[in-house]
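Reader: I would like to learn how to read a structure, one feature at a time. Could we begin with the model itself?

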Amino acid sequence: GRLAMVAIMGMLFQNGTLGGTSSMWGLGAFEQELGAQAPFGYWDPMGMTKDGDALAFRRRRETELKNGRVAMLAAMGYITPEFFKF
């Protein structure tokens, strides 16, 4: 209850002073890409896409997908022997 009220007051203060999150973080070149969600838009906390290089963005996105798939397979390889004894 109280924590939510404090969070709402913080949001209202931020919107009143800075005009919202888009002016605080700036709109990047990739705001319309798949994965950009309200209220943050395309969230890039480390600023790796500030230069707007589309080729580097595409390479990073493909690498992230590949590493995620490898991690899912690794998790299955870890869990599967618990249920099936070969």
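Reader: Is Tyr42 buried, partly exposed or exposed?

Author: A residue is called buried under 20% relative accessible area, exposed over 50%, and partly exposed in between (1.4 Å probe, protein chains only). Tyr42 is partly exposed because its relative accessible area is 22%, and Tyr42 is found in the loop between α2 and α3. Helices here are DSSP runs of H or I with at least four residues, numbered from the N terminus. This is a predicted model, in which local features need pLDDT of at least 70 and side-chain atom pairs count only at pLDDT 80 or more, while totals for chains, interfaces and linings use all residues. Residues are numbered from 1 along each chain as its sequence is written, and side-chain values use heavy atoms, with hydrogens and water left out.

Reader: Which residues is Tyr42 in contact with, leaving aside its neighbours within four places in sequence?

Author: Contact means heavy atoms within 4.5 Å. With those neighbours left aside, Tyr42 is in contact with Phe30, Glu31, Ala36, Thr49, Phe57 and Arg61. Phe30 is twelve residues from Tyr42 in sequence, and their C-alpha atoms are 6.4 Å apart in space.

Reader: How many residues does α3 have, and how far does α3 reach?

Author: The expected span of a helix is 1.5 Å times one less than its number of residues. Helix α3 has 30 residues and reaches 44 Å from its first C-alpha to its last, which is close to the 44 Å expected.

Reader: How many salt bridges does the structure hold?

Author: A salt bridge is a side-chain nitrogen of Lys or Arg within 4 Å of a carboxyl oxygen of Asp or Glu. The structure holds one salt bridge, formed by Glu62 with Arg58, whose closest N and O atoms are 3.6 Å apart.

Reader: Why are Glu62 and Arg58 separated by about one helical turn?

Author: An α-helix has 3.6 residues a turn, so residues three or four places apart point the same way. Glu62 and Arg58 are separated by about one helical turn because they are four residues apart in helix α3. Glu62 counts as partly exposed at 48% relative accessibility, whereas Arg58 counts as exposed at 55%.

Conventions
Helices (H or I, at least four residues) and strands (E, at least two) are DSSP runs, numbered from the N terminus.
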